[in-house]
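Grab a pencil and work through the exercises below with the model open beside you. Each one sets a task and then walks through a solution.

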Amino acid sequence: MAARWVFSSSRYWMTRFLSPADLRRTWCLRVRRTSVAMTTVPAVAEVQRGSQKERKEENKRRREVLSAALALSLFGKQEQKDEVQEKHDEMVLLLKKAKLSIYRGNMEDATDFLHKAVVLAHQLQDQAAIIYTYIQMANLAFVLGQLDSAEKLFKAAMSFMLSGGTAQDDNSIIEMSLKLATIYAEQNKKELAEHGFRFCLDSLEAKLKKLCKQPPGEDATGDVTGHVLSEEEEDLRKETRLLLGLCFDSRARYRISFRQLDQAETDYRSALDICAQEQGESHPQTLVLMSDLATVLDLQGRYDEALLLVQKAVDLGRIAGNEDQHVLLSNLAGVLLHKGRYEEAERIYKEAMLLAKQVGDQVTQDQVQESLEELKRRKQK
């Protein structure tokens, strides 16, 4: 703004300065014209030479003033550009520091870096940076259990995106809506949670239906064929369908908390089908969903079905080298415990404990230890 103000002010000042000179020259010429009859030829020539000299000097002064104003303007613009670039570089560095702090588990430092970054993003009026930083802040608050802050930050990010033209059924909007629904579930705001889950599921199913229901095209021979998705469309379809699976998974866990086991089973089966189709049967997420569904069947007392499913997950996990194999083994041992197969359960619990120690999963270690103590009590009866 300073550069523009100097430049505009200079132009305005030049115009006001030159106009009186023009008027003075005009007035002088009129006076001389009225007295031309009384003026000798040499005198007239002298007056004309003087007038031409004045005009040259005046033009010279105008060029000098204009050059000076332009130089000031360019200098100011370059100065402003350098300041903006410095702020942008500082903002990017803060975001990188925040990401590294999260990776190292320094959540307090990460929060501080993100707060400083969002201030710079607002100063720069960088919409994309504002949205990105708000989302990172919201995710961090969500992980730290600061649910009220996470809710406000997710809503702020969504507001910026929607006002900027992002569609309501954009996957990023739906993903944040899903996190809001999960927050409401944690806060026991049942109506808001259920409405949020329903919005996400309905939006994604409608989007997939619209995406896959494309008009037919023609092949190389001119024959009419079904619509073939482009690479970009296929990526969007897969991303959208996997997000749909995540919504089913999230709602299933919510329903388990209310012991709505039949509905949870339905959601888990939908999530499992989607994940297996899109990512394969041996994908880590598919194996987790198999295990989770087996847990629901176990809670319903359907131990044989649960055992078949979780055993399948364990077998596939061994072949694929699953990183969460200790979790699958712990769930398998749990089903065996409920079926009264104590020796097998104890052996598998110990294997799960060993793997959990190797990967440093303290939560699973504690759960396995509790289960081993329960197993010991049952064996003593």
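**Exercise 1: Ala-193 and its helix**

Ala-193 is found in helix H7. This is a predicted model, so local features need pLDDT of at least 70 and side-chain atom pairs count only at pLDDT 80 or more, while totals for chains, interfaces and linings use all residues. Residues are numbered from 1 along each chain as its sequence is written, and side-chain values use heavy atoms, with hydrogens and water left out.

Task: work out whether Ala-193 is buried or exposed, and what it touches.

Step 1. Ala-193 has 0% relative accessibility, so it counts as buried.

Step 2. List the contacts, meaning heavy atoms within 4.5 Å. Leaving aside neighbours within four places in sequence, Ala-193 is in contact with Ala-181, Tyr-184, Ala-185 and Tyr-254.

Step 3. Check one of those pairs: Ala-193 and Ala-181 sit 12 residues apart in sequence, and their C-alpha atoms are 4.4 Å apart in space.

Step 4. Zoom out to the helix. Helices (H or I, at least four residues) and strands (E, at least two) are DSSP runs, numbered from the N terminus. H7 covers residues 190-212, 23 residues in total, and spans 33 Å from its first C-alpha to its last, close to the 33 Å expected. That expected span is 1.5 Å times one less than the number of residues. Buried residues of H7 include Ala-193, Gly-196, Phe-197 and Cys-200, and their cover includes helix H6 (171-186) and helix H8 (231-257).

**Exercise 2: Asn-171**

Task: find the helix that holds Asn-171, and the partner of its side chain in a polar contact.

Step 1. Asn-171 lies in helix H6, and it is buried, with a relative accessible area of 5%.

Step 2. A polar contact is a pair of N or O atoms within 3.5 Å; within protein, one must be able to donate a hydrogen and the other to accept it, and residues adjacent in sequence count only if both atoms are side-chain atoms. The side chain of Asn-171 makes one with the side chain of Thr-240, at 3.1 Å.

**Exercise 3: The faces of H14**

Task: sort out which residues of H14 are buried, and which exposed ones sit on the face turned away.

Step 1. H14 (residues 362-380) has 19 residues and reaches 27 Å from first C-alpha to last, close to the 27 Å expected.

Step 2. The buried residues are Thr-364, Gln-365, Val-368, Ser-371, Leu-372 and Leu-375. Looking down the axis of H14, they fall within an arc of 125°, so they line one face of the helix. The arc is that of the directions from the helix axis to the C-beta atoms.

Step 3. The face turned away from that buried side carries the exposed residues Val-363, Glu-370 and Gln-380.

Step 4. Cover for the buried residues of H14 includes helix H12 (325-338) and helix H13 (342-359).

Step 5. Look at the start of H14, where a side-chain oxygen of Asp-361 comes to within 3.3 Å of the backbone nitrogen of Val-363.

**Exercise 4: Positive phi in the loops**

Task: locate Asn-188 and Arg-259, then check their phi values.

Step 1. Asn-188 is in the loop between H6 and H7. Its phi is near 60°, a positive value in a residue other than glycine, and Asn-188 is exposed at 63% relative accessible area.

Step 2. Arg-259 sits in the loop between H8 and helix H9 (261-279). Its phi is also positive, about 60°, although it is not a glycine. Arg-259 has 53% relative accessibility and counts as exposed.

Step 3. For a glycine, go to the residue after H5: Gly-165 has a positive phi, near 105°.

**Exercise 5: Cysteines**

Task: how many disulfides does the model contain?

Step 1. Apply the rule: a disulfide is a pair of cysteine sulfur atoms within 2.5 Å. The count comes to 0.

Conventions:
Buried means under 20% relative accessible area, exposed over 50%, partly exposed in between (1.4 Å probe, protein chains only).
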